[in-house]
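Student: I have a model open on my screen and would like to learn how to read it. Could we go through it together, starting with a single residue?

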Amino acid sequence: MALMSLVEMATKCAVMIEKIEAEKRETLEIAAEMIEAEAKRVIGSYDYEWPQLAEATQDDREKRGFSRNEPGLRTGEMRESIEHTIVSKDEAEIGSNDDNLVYFDLGTKTQPPRPVLEPAAIRKAPEIAAMTGEAVVAVMTSNESRIRKHLPNSS
């Protein structure tokens, strides 16, 4: 292994820092997309072990032409309202402007809470941590980043 001068080392470190910042931006975007996709996926399922819909609610859903037992899913409007925004180089927000998601997530006087956003982030955390580690290792070892493979619906 050849020795580097201090100038060469400083130059190499500066390039590495630029690459890490680029990977960080891309990782943040992908992580937000992953959480958004997971939050959308779980609406209408019992994957987070929510309380069953009340029998009266199921009857009402059926009368109105909706599936009898898909919590939070009627027209799909609430699910599709979930989106993400990158708010800074270090922060993304995943949420919705639909008040119904707030009621669904936190519950009401007559409806138990069925949390969506926080469990989606928790469920995706190990995958996001692995992706972040892969990105850093790729930069440190001068390998190509493969973090795009973590995108929802990527092969």
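Student: Which residues does Arg41 touch, not counting residues up to four places away in sequence?

Tutor: Skipping those sequence neighbours leaves the contacts made by the fold, and for Arg41 they are Asp47 and Arg123. Keep in mind that this is a predicted model.

Student: Where in the secondary structure does Arg41 sit?

Tutor: Look in helix α1, which covers residues 6–42.

Student: Is Arg41 buried, exposed or partly exposed?

Tutor: Here we go by relative accessible area: under 20% is buried, over 50% is exposed, and values in between are partly exposed. Arg41 has 39%, so this residue counts as partly exposed.

Student: With which residues is Lys124 in contact, leaving aside neighbours within four places in sequence?

Tutor: Those partners are Met34, Ile35 and Glu38.

Student: What pattern does the chain follow along the sequence?

Tutor: Reading along gives α-α-α-β-β-α-α, and the tally is five helices and two strands.

Student: In what sense do strands β1 and β2 pair?

Tutor: They are antiparallel: β1 (residues 83–88) and β2 (residues 91–95) are joined over five bridges. Two residues lie between the strands, which form a hairpin. To find the pairing on screen, pick Ser88, which stands opposite Glu91 in β2. As a general idea, side chains in a regular strand alternate between the two faces of the sheet.

Student: How does the radius of gyration of the chain compare with that of a compact globule?

Tutor: For 155 residues, a compact globule would be near 15 Å, but this chain has 21 Å. Its C-alpha trace spans about 75 × 30 × 20 Å along the principal axes. Buried residues make up 30% of the chain.

Note on methods
Residues are numbered from 1 along each chain as its sequence is written. This is a predicted model: local features need pLDDT of at least 70, side-chain atom pairs count only at pLDDT 80 or more; totals for chains, interfaces and linings use all residues. Side-chain values use heavy atoms; hydrogens and water are left out. Helices (H or I, at least four residues) and strands (E, at least two) are DSSP runs, numbered from the N terminus. The radius of gyration is taken over C-alpha atoms; the globule rule is 2.2 Å times the number of residues to the power 0.38. Buried means under 20% relative accessible area, exposed over 50%, partly exposed in between (1.4 Å probe, protein chains only). Two strands pair if DSSP finds at least two bridges between them. Contact means heavy atoms within 4.5 Å.
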